[in-house]
Amino acid sequence: MKLYTYWRSLATFRVRMTLNLKGVAYTPIYVDLDAGQQNAPQFKAVNPQMVIPALVEDDGNVLYQSMAIMEYLDEVHPAPPLLPTDPRGRARVRALSLITVADSHPLIVPRVRNHLGNALGLDDAGKIAWVRHWFAAGLDAYEAHLARDKATGTYCHGEALSMADVCLVSHVAGHRVFKGTVDKHPTVARIYERCLADERIASAQPLRQPGAPADH
Ligand SMILES: N[C@@H](CCC(=O)N[C@@H](CS)C(=O)NCC(=O)O)C(=O)O
């Protein structure tokens, strides 16, 4: 498999973690988002939406959208499972995942930040404040749900790492890239640290990818 990836991409981080957890090898193909390579015709031919990740299977099938990719990998490589077996548990894990995938991350991606600057005149400080606001709102939502629900365990859902943890880890990592802390989110912080103790998660982190700044 070939994974179109970039060190800072949180959506791709989710897929890197999933591939590692499933033990699936892949060849990275780097798309420099800061240089706008996602908009180049070569990549547009792979994913017409011009966003990463894109995961290309050996027969040329192109998978896109991180949550669809995670669920696909979970179906094709069932061990270890990333979703519980019971319908309520599956709904909860998907709901926690969507706090990042649907409600937070889409607001902070480069094309949104560029639009805030180009069309609405927001300066860099304003854009950073925007990003921090939406990361914090997502963290508040995670903390409120996780802290009050007895289904929360060592991980977001009980004692097994799930897709919700993958999404939570990507959220916190992005928040940290923008110099945020999780001091006010103790349940999130505990689960994040637990996940990072797993080298399959840790090695997929943005700052451990080629191209990441050494001094971040
Ligand atoms: N909902 C998509 C988000 C994809 C996305 O926006 N990816 C970002 C990087 S994390 C990207 O490629 N952005 C390019 C741009 O905004 O121009 C997913 O989860 O895969």
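Start by selecting Ala-54, which lies in strand E3 (residues 54-56); helices (H or I, at least four residues) and strands (E, at least two) are DSSP runs, numbered from the N terminus. The model is predicted: local features need pLDDT of at least 70, side-chain atom pairs count only at pLDDT 80 or more, and totals for chains, interfaces and linings use all residues. Residues are numbered from 1 along each chain as its sequence is written, and side-chain values use heavy atoms, with hydrogens and water left out.

Ala-54 counts as buried because its relative accessibility is 0%; buried means under 20% relative accessible area, exposed over 50%, and partly exposed in between (1.4 Å probe, protein chains only).

Next, go to the loop between strand E1 (2-5) and H1, where Arg-8 is placed. Arg-8 has 17% relative accessibility and therefore counts as buried. Show the side chain of Asp-34 as well: a polar contact of 2.7 Å joins it to the side chain of Arg-8. A polar contact is a pair of N or O atoms within 3.5 Å; within protein, one must be able to donate a hydrogen and the other to accept it, and residues adjacent in sequence count only if both atoms are side-chain atoms.

Ser-9 is also in the loop between E1 and H1. Ser-9 counts as buried because its relative accessibility is 7%. Its side chain makes a polar contact of 2.6 Å with the side chain of Thr-12.

Finish with the distances to the ligand. A polar side-chain atom of Ser-66 is 2.6 Å from a ligand oxygen atom. For Gln-65, an N or O atom in the side chain lies 2.8 Å from a nitrogen atom of the ligand. A polar side-chain atom of Arg-14 is 3.3 Å from an oxygen atom of the ligand.
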